[in-house]
Every structure is written in structure tokens, then in C-alpha cells.
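The following report describes selected features of a protein model, arranged by region. The sequence and structure are shown first.

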Amino acid sequence: VVYLDHNATTRPVPEAVAAMVQALQASWANPSSAHGPGQDARRALAAARARVAAFLGCGAAELVFTSGATEANHMALLGALQMSGRERILMSAVEHPGSQALAQRLRGQGVKVDLIPVDAQGRLSLAAARSLIADDVAVVSVMGANNETGVLMPVAEVAALARSAGALMHVDATQLAGKAPLSFAASGADLMSVSAHKLGGPKGVGALMVRKGVALPALLSGRQERNRRGGTENLPGIAGFAAACDRAAATLAADIRHMAAQRARLEAGLAAALPGVHVYGAEAERLCNTLCLRFGTLDAEQVLMKLERAGIVASSGAACSAGGTQPSHVLLAMGESPLHAKAAVRLSLGFDTTAADIDAAIAAATQELLPLLADGLAAAA
Ligand code: PLP
């Protein structure tokens, strides 16, 4: 199959798999143990930490390994609330469902959560952010790039706003890592989340970067990670993460150019072959690999089923629930109708997606969807 769902997860790169096997076999002792094998594992952990930190542009002491971005996002928001004693949060209206669910839970506990709206292209409204910011805000949380549309967010500008109100700035950079240049130091953010499995590393490991001097409380109590994240370190996962970072660092600029070219090929090919293609965030600055679009009003579920039958796997922004699919909150926040939002399909490329993959996807979409779209046009005429 042609895998066009890299924003959901990526295949672990061979370097990451090898590093994980090596860590499982050679560094299985507890890094907290005082004996020789424990100290060897501790050194392996420190070496992996330095490589991940170098890739992310943060200090090694600023990096807290977590079970992934969801945990990092929780640690950031809950820690900021606890640390500041303030009871208000600002976040974009298009944050990841895990963060939205946390916001909902916090609302139930009396925390005020205000959503910063986006425009029809998915771009964050800085004017709205300016009108919402005040000195009762504990943290402003904005993603670096949206996972559904790929639209980039104005992190530096929001960070300056947060700073002006004495609030912390948190960036969920999960979709940026490996797909855009990324530097925690240069970002202006106080807190930044990433996840290994979006850039060729394993699932179940990620990190929160905490700016030096920010005394963020732990989410999980314990003495690991400088008292910031209790629990025996996931050394195999962290070793795989570090190997994935090394690979991405070595080829990032070329990877970005390649993905941008293949995305352009896909976008142009689909628009030329099919009527009624609408691309989300087309006028916004977007990640190099993401194409969120709808084919007229064809339902995403039907489109995905047809594409998979023809060997192409992708995903929709819609969340499946017991009662059926819910339209994507991201597209609704962009002002789309529920009918259109339920038609949205996300095609997301990887550094190893080839031109042949793209041509196969265009051919499959044309073969499977053109008859349906032609029927629709005939019915409308
Ligand atoms: N944040 C964003 C923007 C994501 O795309 C994802 C991926 O699903 C997550 C957070 C969650 O990451 P993890 O699977 O590591 O918890």
C-alpha cells in the first residue's frame, strides 16, 4: 500500500529499530542503579538525551522525556496552572483532541479556558489573542502546526503576548519535528511538546522542553528526570527517539524540499484530474507534507474506503465515536459547514514518499472518485 498518513504516525526508521534493539539487549539495567550496568545505562541515557536536545535546539537539562506528546501537553498545562496559581488558560481553537479533552476536564474543575479563533484558512487570529490575553492567564498553548491542515501558527508573536502578561507560552510542536526547522531556544516558548513517533521514532516516547529557570511541577512524582518525571526511564524508546532525531537532522533540509515537491505534485495532480477539489489552508503557510482537502461533498468515509481499496491509505479529520463520525473541530473552527467538514480527507507524506507513490495516489483517486463526482455533477445539472 501507499501510506499517506504520516501525520498520524510514521514507520520507525531502521536506525531507530536498531538502536532500540541494542538498548534492550545492552542497556537494560536501571539507569538509577549504582552498579556498573546501571551506570552504563545512565551513560546511554545521557548520550541519547544530548542528541535529542541537539536536534530540538534545547539544553539537555531542559529536556524531560515523557510517554509522548499527550503527556507532555498535560504536564505543560497542569504544571503551569499549579505553578502560577492563576486559573485561566488560552489555547487555539484547533489544538489536538487530547488537549481539547484536557481543557474540557479543567473547565469542569473551574478553570476558565478561552479558545483563540482561527480564520477560514486556519490561521490563528492574533487580534483575538491580543484581546484575550490578561494577567490572570497561566499559560497560552498554541500548536506549531495543525495536525489536520498543516497550517503553521505564529509562535513567536504569541510568545511575546504571553510574556507581556506574565503567562507561560506552550507550543505543541509535535507536527513540526522532522518537517520544519525547529529550535526551542529560538522559539520564544517556555514549554514545548514533541513525540518520537511522528519523525521515525517509536510510539510511547516524547518530550517536554522546559525553559531553564521555569520551575514546572512534575505530573508524575518521582526522582527521575531531575525530579520532573517519575518512573524508570524508557531507555529503548529514548534510544530509538535519538536515532530518529539523528537521521532527521542529517537530511532535514532535503527532506523538506522533497516533501514539498511531492505535496505540490499531489495537489496539482488531483486538481487537474478531478472536479470540485477544495484544499484547506491553501492560502496559509503550511507544513511541507500535509494536504487536507475535500472532493466536492463526497463523504470522507466513502472516499477513504475507495482509496484503500485502490491501495492508498490516508485519514479523515473526523473523530469516530459510538454514534458515528463527528465532523472535525478544526474545520468547524475554520467556519466549514458540518457537511463539508465531514468530507475532509488528510493526505500526509513522509520523507520516503516517492513520486511513484504520488502518481499512484492520483491515479487511484481518479479511477475511484471521478465516477462518483461525475454522478454528482450530473445530478446537480
Ligand atoms: N499533538 C499533536 C499536534 C499531534 O498531532 C499528536 C499526535 O497524535 C499528539 C499531540 C499526540 O502525540 P502522542 O501520540 O505522542 O501522545
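Within strand 7, Leu191 is the bridge partner of His170. The model is a predicted one, in which local features need pLDDT of at least 70, side-chain atom pairs count only at pLDDT 80 or more, and totals for chains, interfaces and linings use all residues. Residues are numbered from 1 along each chain as its sequence is written. Helices (H or I, at least four residues) and strands (E, at least two) are DSSP runs, numbered from the N terminus. Two strands pair if DSSP finds at least two bridges between them. Strand 6 and strand 7 (residues 191-195) run parallel and are joined by three bridges. Asp172 also has an opposite residue in strand 7, namely Ser193.

Strand 5 (residues 137-143) pairs with strand 6 in the parallel sense, over five bridges. Here Leu168 of strand 6 stands opposite Val139. Together with helix 6 (residues 155-164), strand 5 and strand 6 make a right-handed β-α-β unit. A crossover is right-handed if, with the strands pointing away from the viewer, the path from the first strand over the helix to the second runs clockwise.

A residue is buried if 20 or more other C-beta atoms lie within 10 Å of its own, exposed if 12 or fewer, and partly exposed in between, with C-beta atoms placed from the backbone. Strand 6 (residues 168-172) is largely enclosed by the rest of the structure, because five of its five residues are buried. Leu168, His170 and Asp172 point one way from strand 6, Met169 and Val171 point the other way, and all are buried.

Strand 7 is mostly covered, with five of its five residues buried. On one side are Leu191, Ser193 and Ser195, and on the other Met192 and Val194; all of these are buried, and both faces of the strand are covered. Strand 7 is also joined to strand 8 (residues 206-210) by five bridges, and these two strands run antiparallel. Val210 in strand 8 is the bridge partner of Leu191.

## Ligand surroundings

Which residues lie around the ligand? They are Gly68, Ala69, Thr70, His96, Gly98, Met143, Asn147, Asp172, Thr174, Gln175, Ser195 and Gly206. A residue is near a molecule or strand if its C-beta atom, placed from the backbone, lies within 6 Å of it.

The shell around the ligand divides into two nonpolar, nine polar and one charged residue. In this classification Ala, Val, Leu, Ile, Met, Phe, Trp, Tyr, Cys and Pro count as nonpolar, Asp, Glu, Lys and Arg as charged, and the others, Gly among them, as polar.

## Domains and their contact

The domain assignment of the protein chain gives domain 1 (2-6 + 252-380) and domain 2 (14-247), with bounds that come from an automatic or database domain assignment. The centres of the two domains, taken over C-alpha atoms, are separated by 28 Å. Domain 1 contributes 23 residues to the contact and domain 2 contributes 21 residues, where two residues are in contact if their C-beta atoms, placed from the backbone, lie within 7 Å.

On the side of domain 1 that touches domain 2, helix 9 (235-273), strand 10 (290-295) and helix 11 (329-333) each supply at least two residues. The residues of this side comprise twelve nonpolar, seven polar and four charged.

An open sheet of four strands has the order 9-10-15-12, with antiparallel pairing. Strand 9 (277-279) and strand 12 (315-316) stand at the edges with a single partner strand each, so one side of each is left without a neighbour in the sheet. Strand 9 and strand 10 run antiparallel and are joined by three bridges; Leu293 in strand 10 stands opposite Val279.

Ala343 lies in the loop between helix 12 (338-341) and strand 15 (344-348). Ala343 counts as buried because it has 26 C-beta neighbours inside 10 Å. Leaving aside neighbours within four places in sequence, Ala343 is in contact with Arg294, Phe295, Thr297, Leu298, Asp299 and Ala300.

Most residues other than glycine have a negative phi. Glu225, in helix 8 (residues 224-227), has a positive phi near 50°. Asn227 also lies in helix 8, and its phi is positive, at about 65°.

Are these residues buried or exposed? Glu225 is buried, with 21 other C-beta atoms within 10 Å, whereas Asn227 counts as exposed, with 11 C-beta neighbours inside 10 Å.
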